[in-house]
Amino acid sequence: MRPRTMADVARAVGGLLLGEDRVVSSIAIDSRDVVAGGLFVALPGTRVDGHRFVQEAFDRGATGVLVRDGCTVDGPAVHVRGTAEALLRLAADERTRFTGTVVAITGANGKTSTKDMTAAVCETTFSTHASPKSFNNEIGLPVTILGAPPDTEVIVAELGARRPGDVALLCEVARPQVVVVTNVGLAHIEVFGSWDVIVEASAEPVEALGEDGTAVLSADDPVVAGYAGRGRGAVVTFGRSTDADVRAEAVSLAADGLASFDLVQGSARERVGLTVPGEHMVMNALAAAAVGSVLGVPVEARARALSSATVSPWRMESFETPSGVRVLNDSYNANPESMAAALRTARWMAGEHRLIAVLGQMAELGVIAPREHERVGELAARLRVDRLITVGADAEPIAIASVREGVEPDNVATYDDADDALADVRAHAAPGDLVLLKASRVAGLERLAEALR
């Protein structure tokens, strides 16, 4: 955040400054993250209200705080009706001061990995700031924009949606010049209500672009490709399709699950070797390469960056336990498409060794949840998963369908708790075996991963 006075903060958010007018140069929404000269934004919470930590923020060096009306504060404070709404307004005001480029990453799957890879590509040429972790909602986006250092030239922001209009609202704040739509899938259908609503909501970032903007669209997803006519700006496509502007050719997958491919654009061709397992990571890398092309990053630099790019934790993260068991931890989130991709990658990586899959529920699928979980069980059977462990009642249809499709009942176990699943893994996994961990965050399988590590 560019340094500004508390009075300027009050003006930007329509609030009232009480106390000394000081200069703030950063923001924090967690009092533990406050640094000297920072502005602490006290957000309401379902479990913990940030207003309880105002004094702690001052003790840690906060210059001022942003609080709701009526809050008693012993220090400089901007008072507003709602701090979450004020945070959005402050970010929108900060965006008007930013003269660089904002890249917005959207889609059903792969947003965070694509964001990480895009940032790696942009960093070869520009001072780049990217969303930390998966900060992609009405809190995460403002934190991303306001967290950009003053010398930033490119901001790479991840935009998520839980209902129609969410991305449109975030685009009003971020005003991206480049938007990426990775794919359209069934994620969050419970809250969106129908496939048609998902399709329309997924077009929001493209429709938000101005005439000078560029939509970066998957040529391999027919729905996404169809968005080309819904924007006012330019279109750059990516994919394995032969008519994609930025495409992959000669794709190969090593025994460790790492993909390699030729990055092709026009007459240029460079070999890329990814560091994150999974053939589906090729599409994320292509999206990042397409953004680089829009920003003028040379294809050679894009290929080098992608060949060393890493992604955020708990996404296709592989490691070996002290006893020699291999673990593929993809426990950050799950939906039908990403679950299938993880299972296929795990089966490939296991090779001649046993594959143990620990699977939890895919959240927010609504009425289609039972059938989609059954499909996962059917796929696990077809892929010859050697031992299938499910965690939580909502994931039980995976186990039931796998047995129905031919998996031996003795090789299937269902548990309510991740700790019991951990004990099962420890009892059955041998050196060289591969253990896949995949579920939505509500299953808590990341704790199992760290215990195995």
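How many cavities of 30 Å³ or more does the structure hold? It holds one. This report looks at that cavity, then at a pocket, the salt bridges, a hairpin and the chain as a whole.

The model is predicted, so to speak of local features a pLDDT of at least 70 is needed, side-chain atom pairs count only at pLDDT 80 or more, and totals for chains, interfaces and linings use all residues. Residues are numbered from 1 along each chain as its sequence is written, and side-chain values use heavy atoms, with hydrogens and water left out.

**The cavity**

First, the terms. The search runs on a 1 Å grid over the protein atoms alone. A cavity is a set of points where a 1.4 Å probe fits but cannot get out. A pocket is an open set with protein on both sides within 12 Å along at least five of seven lines. Lining residues have an atom within 4 Å of a point. Grid points are joined across faces, edges and corners, and a volume is the space filled by probe spheres set on the points.

The largest cavity contains about 220 Å³ of space. It is lined by 19 residues, and the closest to its centre are Gly107, Ala108, Ala161, Phe192 and Ser202. Helix α8 (residues 195–202) gives the most to this lining, with three residues. Helices (H or I, at least four residues) and strands (E, at least two) are DSSP runs, numbered from the N terminus. By class, the lining of the largest cavity has eleven nonpolar, seven polar and one charged residues. Here Ala, Val, Leu, Ile, Met, Phe, Trp, Tyr, Cys and Pro count as nonpolar; Asp, Glu, Lys and Arg count as charged; the others, Gly among them, count as polar.

**A pocket**

The second largest pocket has a volume of about 180 Å³. Its lining includes Leu186, Pro336, Glu337 and Arg382. Helices α13 (336–350) and α14 (369–382) each supply at least two residues of this lining. The largest share, six residues, comes from α14. Which classes line the second largest pocket? There are five nonpolar residues, no polar ones and six charged ones.

**Salt bridges**

A salt bridge is a side-chain nitrogen of Lys or Arg within 4 Å of a carboxyl oxygen of Asp or Glu. By this rule the count comes to 35. The table shows three of them.

| Arg11 | Asp8 | 3.0 Å |

Arg11 and Asp8 both lie in helix α1 (residues 6–13). They are three residues apart, about one turn of the helix. Arg97 and Asp93 both lie in helix α3 (residues 83–97), four residues apart, which is also about one turn.

Are these side chains buried or exposed? Buried means under 20% relative accessible area, exposed over 50%, and partly exposed in between (1.4 Å probe, protein chains only). Asp8 counts as buried because its relative accessibility is 16%. Asp93 is buried at 13%, while Arg97 is partly exposed at 29%. Lys115 has a relative accessible area of 1%, so Lys115 is buried. Asp116, at 14%, counts as buried too. Salt bridges that share partners also join Arg2, Arg4, Asp8, Arg11, Asp93, Glu94 and Arg97 into one network.

**A hairpin**

Strands β17 (residues 317–320) and β18 (residues 326–330) run antiparallel and are joined by four bridges. Two strands pair if DSSP finds at least two bridges between them. Phe319 has Val327 in β18 as its bridge partner. The hairpin has five residues between the strands, and Gly324 takes a positive phi near 95°.

**The whole chain**

The chain has 17 helices and 22 strands. Its radius of gyration is 23 Å, close to the 22 Å that the globule rule gives for 453 residues, so the chain is as compact as a globular protein of that length. The radius is taken over C-alpha atoms, and the rule is 2.2 Å times the number of residues to the power 0.38. Along its principal axes the C-alpha trace spans about 70 × 55 × 40 Å. Buried residues make up 57% of the 453 residues.

One residue pair gives a sense of distance. Asp420 sits in helix α16 (residues 418–428) and is partly exposed, at 41% relative accessibility. Asp420 and Tyr227 are 193 residues apart along the chain, and their C-alpha atoms are separated by 46 Å.
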